[in-house]
Amino acid sequence: MVNGNKNILRSVLILSYIILIGGVIYGISAVFSYLNTGADRSKMLHTEIKKVDQYVPKLMWESLSNEGRPMDTQTLKALENDYLDAWYVKQVAYKTNITEGLKDYYTDNARKNLYDFIDLNTNTGITIESTTLEHHPKVEFFSEDGQQAVITDHNVIEYKRVFKAEKLVLETTEVATYKIVFLLEDGFWRIRHLVKERVENYKDKKDLILTKNLKIKGINYYPRATPWDMFGETFSKDTIANDFKIIKEAGLNSVRIFVQYEDFGKANVDKTKLEKLKQTLDVAKANNLKVVITLFDFYGDYSVLDWTLNQRHAETIVSNLKNHPALLAWDIKNEPDLDFESRHKELVIAWLDKMIDLVKSVDDKHPVTIGWSNTISASILKEKVDFVSFHYYEDLDVLEKKVENLKLETPNKLIAITEFGLSSYKGLWNPFGNNKESQANYHKKAQGIFNDNDISFMSWTLYDFMQIPKEVVGRLPWRKRAQEYFGFIDQNGETKPAFKYISKP
């Protein structure tokens, strides 16, 4: 027994010695490897702060006619990238009051002013959320040795929100002109001087498209088998064509469809998804239907630093579809007022305001609206939208009065209810719900109100659905089951009694 214990102790000591020697060798190897490897450039230059496609404001260079050495395209692109990176890290620094990353894009002289400003903000409890939306730079000078450049950036659109002790104290949009001097250091163009030369107040784009005589009789559309995944792997042009034929023959003239922000690739719009969207509009044209495209579905961040990404997303989609004959209108966002509490009302409205400007700058022919969740919010930005739209799932008995009040708030504007409906689900999770006959009576009454008050409408929705993604209504079974039964056609493809009133009383 004694010998056995000695053997165990000897084995433990040998094993410990082996582990110790192994640790020493590993440590020496790690030090040797470090000493023989160059510093990590991304860590050395703090480029981890600059995310991929994190800051992409609209930028349009004026033609090159600078003094000094001619600037080639490659150098211009490098200057552009470092210039935008410099703006980005400055915006991050102003938001967080942390200076990390500034030294990689600003020289010592330029950094001193930035550090002083950030110190002042830190001491007074001020933070700034800001972004630039447009740049129009011109190269003024490029030195013969290729180490210095001077540009003037005209009509820079800047949006700012200033907070003191976390309370919003100022919100402003400016149009400014900057003079910037760059030095080439360590292969990067760093800003040596940045001077704001001129500031003007930003003027909203308020050119409106008359839609008073437009009559919308439509429906919100998803294919029966793929709700909220219309442009996915199972996209079927034939399925959509069959459904659009049903919609047209039912007496409707338009459909409302949805573009999900992340699903379509955010700032770098997925070309395959975009092509499927174009094909959907082609099918609509073939069936003599018009299309309302709702942008930014399932987006709910609104962060100021994300605005440039959001705008490039919208710009790509709008520019590619603005000339399509089936396009009826752009719906900027589905029910953005539901984000007021979680994302702050002022921020959401500011995002919508600038997004309207962006869409109108790309497409000045098609009307723009916002699909508010109720009549209370529907008059927000009434001076910017071409027609007012809202959703209605409340008591039909008070609808006429609500519309009457909204017309007083938004005179001479078309009013469209772009979502309304009633679920026909009555079962285990809602034994006191409405049945198919109740749903039919609801739509008959709604169509009577629309007809008597000349209200444009788009119902929810063509089909009952088999599956509802949790992102739509959550995981609670009584909510998911109710959402499955809003259609005019049931899960077996049979028309429900409400189908009789899909387009008229």
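Predicted model: local features only at pLDDT ≥ 70, side-chain atom pairs only at ≥ 80, totals over all residues.
H3 spans residues 73-96 and H4 spans residues 108-124; their axes come within 9 Å and cross at roughly 25°. Because angles under 35 degrees count as roughly parallel, H3 is described as roughly parallel to H4. The crossing of H3 past H4 is right-handed.

Turning to the interior, nonpolar side chains tend to be buried together in soluble globular proteins. Here, the largest nonpolar core has 96 residues, and those with the most contacts inside it are Ile257, Leu277, Ile293, Ile317, Trp330 and Phe390. Helix H9, covering residues 345-362, supplies the largest share of this core, with ten residues. A second, separate core contains 34 residues, among them Ala86, Ala110, Tyr178 and Leu305.

Leaving aside residues up to four places away in sequence, Trp330 touches Ile293, Leu295, Ile317, Val318, Leu321, Lys322, Val359, Asp363, His366, Pro367, Val368 and Thr369.

Another residue to look for is Glu315, which lies in helix H7 (residues 307-321). Its relative accessible area is 18%, so Glu315 is buried, the cut-off for that label being under 20%. Beyond residues up to four places away in sequence, Glu315 touches Lys58, Leu358 and Val362.

Methods:
Residues numbered from 1 in each chain as written. Heavy atoms only, no water. Axes fitted to C-alpha atoms, helices over the stretch in contact; angles between N-to-C directions. Helix = DSSP H or I, 4+ residues; strand = E, 2+ residues; numbered from the N terminus. Parallel < 35°, antiparallel > 145°, perpendicular 65-115°, else oblique. Left-handed = near helix turned anticlockwise from the far one by under 90°. Core = buried A, V, L, I, M, F, W, Y, C linked by side-chain atoms within 4.5 Å. Buried < 20%, exposed > 50% of the residue type's maximum accessible area, 1.4 Å probe, protein only. Contact = heavy atoms within 4.5 Å.
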